[in-house]
Structure formats: C-alpha cells, structure tokens
Amino acid sequence: MHDIYHVILKNRKIDRLIMPFEALYCVWLIITLILNFKLFAYSIDAQFVLITLFYFSGWISSLVKKHKIKQ
C-alpha cells in the first residue's frame, strides 16, 4: 500500500508541473481555431504524431523489458 500512495503523490506533483503547459496549449488551440484554421490543423497533426511516438516508444520499451526478463 505504501508504494501506491507514493505513486499517487508523485503523479500529483508531475500533474502540477504539466498543468500550466496544458493550459497554454489549450489557449493556443482556441486562438488558432478562431484566427488561423490551417495552423490549428497543423497543431492537431503534430499532437497526433507526438502521442503516437510516445505510445510506440512505450510499446517498444515493454517489449525490450519482456525480452530481457526471459533471458
């Protein structure tokens, strides 16, 4: 149980650091949606690519860890 509480507190600290950047990104998306739709579309495309790369890196990392455990 102690580990669960430690993880929860660590995640809350990380969330407090990331939240201002997320807020700025939301404002950026709203402004570009209203003023420049082409830039908004590029922002959404970039976000999709970054999220996809993040998940692929996690997937590859988990495969490498499983392979090391089997050896």
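These legends go with a few close-up views of a predicted model. Local features here need pLDDT of at least 70 and side-chain atom pairs pLDDT 80 or more, while totals for chains, interfaces and linings use all residues. Numbering runs from 1 along each chain as its sequence is written, and side-chain values use heavy atoms, with hydrogens and water left out.

View 1. Helices here are DSSP runs of H or I with at least four residues, strands are E runs of at least two, and both are numbered from the N terminus. Of the 71 residues, 6% count as buried (under 20% relative accessible area; exposed is over 50%, partly exposed in between, with a 1.4 Å probe and protein chains only). The chain exposes about 6900 Å², and carbon and sulfur atoms supply 74% of that (Shrake-Rupley method, 1.4 Å probe; for residues, only the protein chains shown count as cover).

**View 2. Helix 1 gives the largest share of a nonpolar surface patch.** Six of the patch residues come from this helix, residues 2–35. The patch covers about 750 Å² and is made by Val 27, Ile 30, Ile 31, Leu 33, Ile 34, Leu 35 and Phe 37. Patch members have over 30% relative accessible area and no salt bridge, and nonpolar side chains (Val, Leu, Ile, Met, Phe, Trp, Tyr) are joined within 5 Å, like charges within 9 Å. A salt bridge would be a side-chain nitrogen of Lys or Arg within 4 Å of a carboxyl oxygen of Asp or Glu. Phe 37 sits in helix 2 and counts as exposed because its relative accessibility is 54%.

**View 3. Ser 43 is one of the residues lining the largest pocket.** By type, the lining splits into six nonpolar, two polar and no charged residues. Ser 43 lies in helix 2 and, at 11% relative accessibility, counts as buried. Its C-alpha atom is 9.5 Å from that of Tyr 25, 18 residues apart along the chain.

Note on methods
On a 1 Å grid over the protein atoms alone, a cavity is a set of points where a 1.4 Å probe fits but cannot get out, and a pocket is an open set with protein on both sides within 12 Å along at least five of seven lines; lining residues have an atom within 4 Å of a point. Ala, Val, Leu, Ile, Met, Phe, Trp, Tyr, Cys and Pro count as nonpolar, Asp, Glu, Lys and Arg as charged, and the others, Gly among them, as polar.
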